[in-house]
Amino acid sequence: MSEQWHQDYVQLAFRIDKAFHKHIELPYVDYYYGPPEWRAQVESEPEQEPIVLLRETTTLLDALDKQGFDQHRAAYLSKQVGAMEMACRKLNGERFSLIEELHRLFDISFVWTPEVQFDEALALYQEALPGKGTLADRLHQWRKQHSIPAEKRALVPGIVERMLAEIRNRTLSLVELPANEGIGVPVLEMDDEFGGACWYQGNYRSHVEINVDDCIQRGVHVQVLMDALCHEVYPGHHTAYTLREHHLYREQGYQEEMIGLIFTPAAVIGEGIATTACEMLFSPHELEAWLVEYVYPELGIVADRADVAKIQQATDTLNGLWGNAIFMLREGQSEDALRAYLAPYMRQPHLPFWQLPFHEGFGFVEPYGKRLMQSWLQGPDRQQTFRRFLAEQWYPSQLVK
């Protein structure tokens, strides 16, 4: 019976994906490596209205209890299908508070981050980057000083290859990867404004893109390139997709793993893994030491004595601003009020992005996912815990301490 349930689950996801592309020009399905005929059937169908899709989610959810799944797997799938239902409700024109949307789409609870935490982040920046001029100027200069010079663009493919070799070796000390796992040659150009993307293709293979030119143009610290590779590849998205295909889909027959859905609780867990990936391999000082030895000389970068650990901590803390800002925007605050709120913390609102349907949730997913993961990755068993995050099914409320 579960075979039919999984086919219905996959095909409903593709029908929602069709509606997303029509109404908001966003993908809903992230990856798929299941039976091609399941997808082909939906592609040949006329598009269904959101109200029809909503009824399908109700039917799918009602049938879940009859599939004989263990309690944890059933809870995980109920949250996934519940998120599909919420997406259909939004596509159907229903309106919800931001708090309800976050709960039902992503299984997360919004909590206002006190401004005192952001003030503490600014103090960390001040300690890490002493000197003259405004803090914003010092931070910008520090990042630019450690950025990839435009004239050294031709060296980047070799540097990326070196970085990938290092992080793959370090990842192999954490987990065992299948023998035919790999990503091929990463594409270092993107039309998209985002920093990187991992397109999982199944059979332990991914296509990876990194927007190197955007990093060069914006003068960001070269460690952002390493972080993007950890985020997208080792031990981030590609590694998680690979291990779940191996351990859950192939070994245990979890057919739901053959498809990845973006606006669901699973996406929060995936981004939590990806945003903590780099620090699972390096402490901030270890990463800086590696760059000093293997990257900076080739790019002509001279390292300074800034406290990179404090800078990273401050940056992570200030990312919590986006949640407050999005909440203010949804509560009717003006754009000018939003800019005034963010200005002391050297942040600019992503207004065009946040004002599009479904987009505002992305302001919460990465910071919230990272915060959840970090609370579990502090003790002596952090590597074992991270391995479980990579290879098992989790949902956000399960991790709330």
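In which helix does Ala-267 lie? I looked it up and found Ala-267 in helix α12, residues 265-281. I note that helices (H or I, at least four residues) and strands (E, at least two) are DSSP runs, numbered from the N terminus.

**Basis of the entries.** I am working with a predicted model, in which local features need pLDDT of at least 70 and side-chain atom pairs count only at pLDDT 80 or more, while totals for chains, interfaces and linings use all residues. Residues are numbered from 1 along each chain as its sequence is written, and side-chain values use heavy atoms, with hydrogens and water left out.

**Entry 1: Ala-267.** I recorded Ala-267 as buried because its relative accessible area is 15%; buried means under 20% relative accessible area, exposed over 50%, and partly exposed in between (1.4 Å probe, protein chains only). Leaving aside neighbours within four places in sequence, I found Ala-267 in contact with Leu-261, Ile-262 and Val-365, where contact means heavy atoms within 4.5 Å. I also looked up Gln-80, which is 187 residues from Ala-267 in sequence and 9.9 Å from it in space, C-alpha to C-alpha.

**Entry 2: Lys-79.** I located Lys-79 in helix α4, residues 71-91. Its relative accessibility is 25%, so Lys-79 counts as partly exposed. Apart from neighbours within four places in sequence, Lys-79 is in contact with Asp-107, Pro-265, Tyr-395 and Ser-397. The C-alpha atoms of Lys-79 and Pro-380 are separated by 31 Å, and the two residues are 301 apart along the chain.

**Entry 3: helices α4 and α5.** Two packed helices are described by the angle between their axes and the distance between the axes. I read that the axes of α4 and α5 come within 7 Å and cross at roughly 135°. Axes are lines fitted to C-alpha atoms, for helices over the stretch in contact, with angles from 0 to 180 degrees between N-to-C directions. The two helices α4 and α5 are therefore oblique to each other; angles under 35 degrees count as roughly parallel, over 145 as roughly antiparallel, 65 to 115 as roughly perpendicular and the rest as oblique. Among the residues that make the contact are Gly-82, Ala-83 and Lys-90 of α4 and Glu-100 and Leu-105 of α5.

**Entry 4: aromatic pairs.** How many aromatic pairs does a search of the whole structure find? I noted 22. Rings of Phe, Tyr and Trp (its six-membered ring) pair if their centres lie within 6.5 Å; planes under 30 degrees apart count as stacked, over 60 as edge-to-face and the rest as tilted. Phe-110 and Phe-327 form a stacked pair, 4.7 Å centre to centre with 15° between the planes. Phe-110 lies in the loop between α5 (98-106) and α6 (115-128) and Phe-327 in helix α16 (residues 321-330), so this pair ties together parts 217 residues apart in sequence. Trp-112 and Tyr-341 form a tilted pair, 6.0 Å centre to centre with 50° between the planes. One aromatic cluster includes Phe-110, Trp-112, Phe-327 and Tyr-341.

**Entry 5: charges over rings.** I found the charged end of Arg-73 over the ring of Tyr-254, 3.8 Å from its centre. The charged end of Lys-90 sits over the ring of Phe-358, 4.8 Å from its centre. A charge sits over a ring if NZ of Lys or CZ of Arg is within 6 Å of the ring centre and within 35 degrees of the ring normal.
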